[in-house]
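Please read the report below alongside the sequence and the model.

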Amino acid sequence: MKRVSPLFLVLLVLGFFFATYNLLTMIINSKASSEEWDGPFVMPGNSNEFGGSKSKYHVALTATDAPYIQWQCRIMYYWYRKVRDMPGSEMGKFTRILHSGKPDSLMEEIPTFVVDPLPEGLDRGYIVLNRPWAFVQWLEKATIGEEYVLMAEPDHIFVNPLPNLARGKSPAGFPFFYIKPSDHETVIRKYYPEEKGPLMNIDPIGNSPVIIRKSVLEKISPTWMNISLRMKDDPAADQAFGWVLEMYAYAVASALHGVRHLLREDFMLQPPWDVEIGKKFILHYTYGCDYNLKGELTYGKIGEWRFDKRSHLSGPIPRNLSLPPPGVPESVVRLVQMVNEATANIPNWDTLKVFGTVNLPESRQQPLLEAIMLYPCLKGYKFE
């Protein structure tokens with residue numbers, strides 16, 4: 001055999017070295033990209049290409065002890081328990097963060113962590129301001145085993161098992177059509193100055209639904225709380241943002257910390273506007289559903305058949321609601337069916353009327369109810 005030259009051996013060793021180096025670099029960069037991907041990227045419905053961290057998340061929702069909120073929490077918790085262990089779910093434990101400052105009658109039924117409300121008068125009648133303050137307290141004081149947190153709301157129903165849609169340090173959120181920072185540039189720039197970057201860095205989201213790494217939420221929450229309070233104290237911001245002010249505050253706080261959200265259109269559906277369930281995960285029943293007996297939507301006018309959570313402010317929604325007339329979309333039919341299943345199976349459902357009280361003086365109750373009725377500030381909506 002011919003003798004191999006030393007130069008050839010040196011070149012061969014160098015070749016193996018550079019090949020190994022390049023392979024390791026690709027692996028490291030790929031992992032870093034997965035951890036630090038900073039979005040935003042709007043995902044089409046029913047796509048999981050960028051979803052699933054395979055880490056469990058803790059389901060957390062803030063609530064008061066008002067009957068209107070209590071019955072929604074009971075339905076929400078019922079469906080959490082139904083889907084928690086289904087294939088595809090990455091749900092961990094559940095906490096209702098009760099910001100009424102004292103235990104209520106649901107303590108034994110729903111895992112609950114009691115926190116303090118804001119000092120009296122600081123919320124200026126805008127009870128949602130208690131939400132960021134509640135998360136600040138919970139994150140500081142509670143023991144949370146999961147690495148991620150889903151910020152949810154009482155009027156959420158899980159219609160399909162929900163995986164962890166976050167990707168590394170990048171949270172997943174739902175894009176709301178009415179959160180438009182560019183439409184309020186003058187006001188937004190008071191809280192997100194030009195040197196921080198373009199307004200497009202502010203995602204069109206609120207804090208819910210959002211799946212976020214706990215360590216990231218711990219950084220955002222104090223800023224979210226402070227900006228919410230500042231905006232409420234700012235007449236221009238208060239007028240511009242109205243009932244969704246706290247949502248804008250979360251979006252701005254996230255941008256200030258350089259956090260971008262993976263925008264998931266399949267995260268949530270909202271009847272009556274979203275008519276099909278498909279593979280979406282959360283049904284949000286914030287809008288009233290009004291139809292005539294022909295199954296035609298009469299939004300803005302009370303229908304011959306209707307479902308509206310605001311019709312039940314002082315006590316639990318009745319059991320065995322009538323199903324919608326033929327022709328009503330699948331999403332509304334499923335909503336009523338799921339509410340009926342929950343109320344039929346939750347023990348002592350009708351005793352909810354003795355739970356809790358609306359802890360507001362009469363002079364502040366009417367503005368609050370009006371704000372609830374207008375949420376989420378949809379233009380053109382008229383009540384009769």
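Pro-209 sits in the loop that joins α4 (185-188) to β8 (210-213), where helices (H or I, at least four residues) and strands (E, at least two) are DSSP runs numbered from the N terminus. This is a predicted model, in which local features need pLDDT of at least 70 and side-chain atom pairs count only at pLDDT 80 or more, whereas totals for chains, interfaces and linings use all residues. Residues are numbered from 1 along each chain as its sequence is written, and side-chain values use heavy atoms, with hydrogens and water left out.

The bond that leads from Ser-208 into Pro-209 is cis, and so is the bond from Pro-271 to Pro-272; Pro-272 belongs to the loop between β10 (268-269) and β11 (282-284). Most residues other than glycine have a negative phi, and most peptide bonds are trans. Asn-320 has a positive phi and lies in the loop between β13 (305-307) and α8 (330-345), while Asn-348, also with a positive phi, lies in the loop between α8 and α9 (362-374). The table gives the angles.

| Site | Feature | Angle |
|---|---|---|
| Ser-208 to Pro-209 | cis peptide bond | omega near -5 degrees |
| Pro-271 to Pro-272 | cis peptide bond | omega near 10 degrees |
| Asn-320 | positive phi | about 55 degrees |
| Asn-348 | positive phi | near 55 degrees |

Asn-320 counts as exposed because its relative accessibility is 67%, and Asn-348 is exposed at 58%; here exposed means over 50% relative accessible area, buried under 20%, and partly exposed in between (1.4 Å probe, protein chains only).

Leu-162 is in contact (heavy atoms within 4.5 Å) with residues among them Tyr-57, Met-91, Ile-211 and Phe-267, when residues up to four places away in sequence are not counted.

Strand β3 (residues 91-98) has seven of its eight residues buried, so it is largely enclosed by the rest of the structure. Strands pair if DSSP finds at least two bridges between them: β3 pairs in the parallel sense with β2 (residues 57-63) over six bridges, and with β4 (residues 112-114), again parallel, over three bridges. Arg-96 of β3 is the bridge partner of Leu-61, and Thr-112 in β4 is the bridge partner of Arg-96.
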